[in-house]
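Here is a short report for a reader meeting this structure for the first time. Look over the sequence and the model before reading on.

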Amino acid sequence: MTIEGTTIHRETFVINLGPQHPATHGVLRIKLTMDGEYIVDAEPVIGYGHRMHEKMGENRSYTKFLPNTGRIDYACALSNGHAYVCAVERLAGILVPERAEFLRVITTELNRIASHLLWAGAFLVDLGGFTPLLYTFDDREAILDLLESVTGARLTFCYFRFGGVCNDIDEDFIEGTRRFIARMRSRMPMYHSLITHNVIFRGRCEGIGEIPAETCRRYGATGPVLRGSGVSYDVRKAEPYSAYPLFDFDVPVYHGGDCLARYLVRLDEIVESMRIIEQAIARLPEGPVMAEKVPRTLKPAEGQCYFNVESARGNFGVRLVSDGSDTAYRLKLRSPSFSNFSLFRECSRGSLLPDALALLGSLDLVIPEIDR
Amino acid sequence: MRAFGKYLKEIVTGSWSLLVGMWITLRQIPVRPVTVNYPYESLPMTNRFRGHVELIRNDETGEPNCVVCMACQKACPSNCIRVEGHKPEGAPHRIPTLFMLDFTTCSLCGLCVESCKFNALEFSREYNQASLSKEDYQMDLLQRGGKETH
Amino acid sequence: MPHDLFREIARLVLYVVGLVAFGAFNAAYLSLLERKESAWFQRRRGPVEVGPFGLLQPVADGLKLLGKQLLVPRGADVLLFKLAPVAVITPAIMCLVVIPFSETIGARDFSLGLLMIYSFGAINVLATLLAGWASNNKYSSISAARVVAQNIAYEIPLLLIILALVMVTHTFNLREIVELQSGGFWQWNIFQISASPLMPVAFVIYVICMLAETNRAPFDIVEAESELIAGAFTEYAGMSFGLFFIAEYVNVVVGSCIGIILFLGGWQCPFGLLPGLHWFLVKLYLFCFAVIWVRWTFPRTQFYGLLNLSWKILIPLSLVHLVVTAILVKLF
């Protein structure tokens, strides 16, 4: 005798994780279809922060677009500037002096540490622990003071120029950086015992939000999201640029694919960045910080160029098509947050709401970068 | 039996991690606060801090160094600078009669300062710029005399 | 006879006013203590503007809340919506009636005091459920459902611990429980290993259950700010929100009072010298300090982690404690 089962129709309701929400870092709207506590579907609605940077790239000359690069992803502004400046330099055939390359690496790695510290604090706030945010911001303050003494800005830097950097550093900066690295090294054990070993934190992150490596490949996710799923891909090693081939550093990879793996990847990246900065400071060459003979109005040769760098969030790319005039014909920005976020819909199906929010937090999204 | 041992071990290590965390936060109490009580105390700005731009004046004559070459106006991505000037009789170069900075659109990028070949523009270090009216941000740089430091 | 009646009425009025004032004053200044203490842990200063060291900050907060309009959202059940804040604060203040603050101060020396406290504690759950449901808001409904599951799960180990304690002290009367702990601190119930070797563990279980019952972090799923805005209280504005706020702090005070009465000796001095109200207050504020300390150190537990903690860890441990206590009471 067979008994046939029928599916019972369960009522689902739609809840809006609206553009204004404490957990989405920026203006992001997600329409959640929920069955009780479980998520059936999560449809994202983006575009609330669209500022038409790519269009501005077509309307402004190459030099005038420089301040825009700092605003695309404000948490790691120097990486974006690096990508754009290197793309233009490659098209125009400008060579950068060695000291400028070293300065670019030092400031970009400091910015990466600042971005990861910001992420760590904000991630813990999403999980409900408000205190570590203040500790990471205290450390980040030291970095921002250092970068302010060099570039004059604290968040949206406009420091790189075609052919080098605009200001040189002095002894105070080198001393300050050394002191910061020593201090940060002594703080890492505290972060590990306060957060990483904490049983409540582990319960929120271990085994939550698992992203298999194949999903990352299909959606084009890069950065700590990919390295937390076991794939060792870092643009600084795969397609080396600037002065990175001269330094000895490792790429941290964890195979868990869960939120804890991504968290550990980022904390290890902070340590690796400190190694790079130490080596760069020890071997800093003398010389000019700006190439000579860079024309005031830059008119690169006709052609196109794609340049990608490793920003704190992943692979940030700039595709530049030039038609020989002083404005670009097409400027396309490949933002890592867009690709990282696109796997949220698939990976959050069937999970609980707090787990989905932990996954969203661990992807390290900066929403204005998604919308550009 | 092994499962029971694992269960007990989890309870013990979990509780210990909680106590360690509580000790770390308690240790922060005697430490001096890192915050500065802002309106009553403030921090000095670094030399390269970017406040709004200022005209550099000649030490002897007190006149701005600007020769109205319009390089800053052309270099600005946001069109915030407006310069006008004329060349009086017998003067070696033009002098500015109007130098307006629209600070509401300025992004502090520094392209104007870098494009000036006559050492006429620099960043000030002002950051206390709160105001209730938009007109306060249409800055007439000729009237503001010299660098005000805070 | 009229003289006694007059005395009785005067005593009643004084106690009512006193307890409400105590409850409200504590709630207001505990909110300031929370802000200051979180600031110390985070290396900043906390409120310093209003009054010296920010001491008038709760007054400013209260005036701000009083000045706001009381909104009733469209489609909400008006009677239940307005009833919920009242239903939350009344049991909290009622529990203060049976608490003995010292040998002579205590509104009612009730022989079933301990039982009464937990009966009133259950009304708190009902009131939060009313608030969540009557708001006509999806976030509030989800949060109300969570509150019910959480509070039911944590009532059980709490009552098991109290049951074991009553086996040891043979009385429900709170005053007598404290009097049994007179002497030095070795007489306090937390150290009575002879009654049950798991007594300190029972105290820890009591603290965890108290945090969960009062919806304090790390168990504050109800008010999970990062997920559900303000949970069950999203639609409340002005002083009705203020009442929920006050009720939460009065619940913390009541929970702390019971904790120190049951386990830490109430008004008894640690060395048996000068028992009195001052010791009670010192212990009460140290306990509140610890509650706030726990809140600002840890992230929030996951909802199923919270329920797992109760059903899989706390209930077995408290059952073991109950059985061990029962055996030892029978044998000795």
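The model is predicted.

**Contacts between chains**

Start with chains A and B. Chain A brings 21 residues to this contact, and chain B brings 20 residues. On the side of chain A that touches chain B, α2 (66-72), α5 (131-151) and α6 (171-196) of chain A each give two or more residues. The largest share, five residues, is from α5(A).

Chain A also meets chain C. Here 22 residues of chain A are in contact with 20 residues of chain C. On the side of chain C that touches chain A, at least two residues each come from α8 (225-228), α10 (277-297) and α11 (303-331) of chain C. α8(C) supplies the largest share, three residues.

**A sheet in chain A**

Chain A has an open sheet of three strands, in the order β6-β7-β8, with antiparallel pairing. Which strands stand at the edges? They are β6 (303-311) and β8 (330-334) of chain A. Each has a single partner strand, so one side of each is left without a neighbour in the sheet. On average, neighbouring strands are turned by 10 degrees against each other, direction ignored.

Five bridges join β7 (residues 314-322) of chain A to β8(A), in the antiparallel sense. A:V321 has A:R330 in β8(A) as its bridge partner.

α3 (residues 77-92) of chain A lies across β6 and β7 of chain A. This helix runs at about 150 degrees to β6(A).

How values were computed
Residues are numbered from 1 along each chain as its sequence is written. Chains are lettered from A and ligands numbered from 1 in the order in which they are written. This is a predicted model: local features need pLDDT of at least 70, side-chain atom pairs count only at pLDDT 80 or more; totals for chains, interfaces and linings use all residues. Two residues are in contact if their C-beta atoms, placed from the backbone, lie within 7 Å. Helices (H or I, at least four residues) and strands (E, at least two) are DSSP runs, numbered from the N terminus. Two strands pair if DSSP finds at least two bridges between them. Axes are lines fitted to C-alpha atoms, for helices over the stretch in contact, and angles run from 0 to 180 degrees between N-to-C directions.
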